[in-house]
Amino acid sequence: MNVVVLSGSTVGSKTRTAMNQVMDKLDKHTVDATLLDLADYTLQWSDGRHYLDYDGDTKYMTQTIMDADVLVIGTPVFQASIPGTLKNVFDLLPERAFEHKTVSIVMTAGSAKHYLIVDQQLKPILNYMKAHITQSFVFIEEKDFLNKQIINDDIHFRLQDLVDDTLLLSETLKQLREQKEAEFDF
Amino acid sequence: MKAGHAGVPMFLAHLGGAASHFKGTIDAYRETAKANGHDPDSLPIATAGFFYTAETTQQAQREYYPHINEGMKLTNGRGFPKQQFAQSADIRSVVNVGSPQQIIEKILYQHELFGHQRYIGQMDFGGVTMAQLRNNIELIGTEILPAIRKYTSKGS
């Protein structure tokens with residue numbers, strides 16, 4: 001199983017800290033995990049091209065995401081929404097990019113008042129792109145971090161649960177899909 | 001709409017889905033052409049789509065699926081969904097894959113729907129072999145075209 005962990009911000013440290021933890025929690029599973037931190041890449045702005053027609057970091061980013069079975073998206077909250085840089089990643093991909101992919105969400109925010117941003121802003125995009133979304137997500141607040149570490153034990157438990165549930169969902173859907181495809185006579 | 005405005009012929013690529021889905025585009029083209037002073041009857045329309053025929057529809061699907069799937073991966077980054085490909089056995093699907101009789105019925109159904117003047121079959125796709133292409137051309141020449149011409153040559 002091919003897992004991509006996307007840290008969806010070019011600035012700050014909290015989302016990356018959380019996604020490092022997601023990578024750690026993936027260790028107990030036998031999967032190929034790749035961490036993509038938007039801060040490490042220089043992406044072009046989406047200009048309507050097909051994703052195969054970009055080059056450099058942009059091509060690497062889109063190809064790596066398209067090749068994934070599972071995508072764990074980490075995002076901070078900027079101006080009561082996801083960062084424009086993360087939206088750009090979605091815009092670079094084709095319309096049904098997340099079809100047959102399981103997508104999970106980790107959100108970091110400065111305030112609990114942003115809790116519904118996942119449901120109101122991120123999930124509609126992922127749904128439109130045909131993702132199978134893991135029902136639970138992990139919402140991490142300012143107070144859960146200290147010195148680039150997550151200091152709330154509950155967050156650690158919830159991140160582990162999210163990772164376990166995501167892989168189970170992906171594996172289950174894969175089996176169902178293979179079962180269905182085996183019925184076809186070609 | 002743009003083609004209708006300009007009064008130029010239109011060429012439509014139909015990769016998949018229900019044939020009736022594309023009728024809206026053709027109607028809009030003709031209406032726009034008419035509204036802009038062009039005669040829709042004098043504006044030819046060509047459609048293009050995947051084409052593969054073999055002795056039976058089942059055989060055609062079996063032989064063609066690996067090619068359409070790999071070809072789509074190369075051109076589009078993703079394969080052709082099996083669920084959607086399975087629908088090509090239905091006359092209402094725009095994908096012209098099947099036995100010669102099935103293809104004849106499909107092309108005539110599409111012709112009735114669209115009233116188009118030309119159909120272009122995308123045959124050399126995803127590594128279809130030379131022997132398969134030869135067989136396809138043979139079936140087009142001996143079975144498909146003669147049957148279609150019976151219907152279309154009466155000035156329809």
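This is a predicted model: local features need pLDDT of at least 70, side-chain atom pairs count only at pLDDT 80 or more; totals for chains, interfaces and linings use all residues.

Residues are numbered from 1 along each chain as its sequence is written, chains are lettered from A and ligands numbered from 1 in the order in which they are written, and side-chain values use heavy atoms, with hydrogens and water left out.

**Stop 1: H2 and H5 of chain B**

Select residues 19–35 and 100–114 of chain B, which are helices H2 and H5. (Helices are DSSP runs of H or I, at least four residues, numbered from the N terminus.) They pack at about 35°, with axes 9 Å apart; axes are lines fitted to C-alpha atoms over the stretch in contact, and angles run from 0 to 180 degrees between N-to-C directions. Now show side chains: on H2(B), look for B:Ala19, B:Ser20, B:Phe22, B:Lys23, B:Ile26 and B:Arg30, which meet B:Tyr109, B:Gln110, B:Leu113 and B:Phe114 of H5(B). Contact here means heavy atoms within 4.5 Å. Sorted by class, that contact has six nonpolar, two polar and two charged residues.

**Stop 2**

**Stop 3: B:Thr57**

Next, pick B:Thr57, in helix H3 of chain B. Its side chain reaches the backbone nitrogen of B:Ser99 at 3.1 Å. Leaving aside residues up to four places away in sequence, B:Thr57 touches B:Ala89, B:Gly98, B:Ser99 and B:Gln102.

**Stop 4: where chain B meets chain A**

Bring chain A into view. How many residues of chain B are in contact with chain A? There are 13, and they touch 13 residues of chain A. Together the chains bury about 1100 Å², 54% of it on carbon and sulfur atoms; buried area is the accessible area (1.4 Å probe) that two parts lose on being put together, summed over both. Color B:Arg62, B:Arg78 and B:Lys82: they supply 52% of the area that chain B buries against chain A, more than any other three residues.

Zoom in on B:Arg62 again, where its side chain meets that of A:Asp185 in a salt bridge at 2.9 Å, N to O. (That's a side-chain nitrogen of Lys or Arg within 4 Å of a carboxyl oxygen of Asp or Glu.) The rule finds one salt bridge across this interface. Finish by selecting H3(B), residues 57–76, and H4(B), residues 82–86, the elements that give two or more residues to the side touching chain A. H3(B) gives the most, with seven residues.

Methods. Ala, Val, Leu, Ile, Met, Phe, Trp, Tyr, Cys and Pro count as nonpolar, Asp, Glu, Lys and Arg as charged, and the others, Gly among them, as polar. A polar contact is a pair of N or O atoms within 3.5 Å; within protein, one must be able to donate a hydrogen and the other to accept it, and residues adjacent in sequence count only if both atoms are side-chain atoms.
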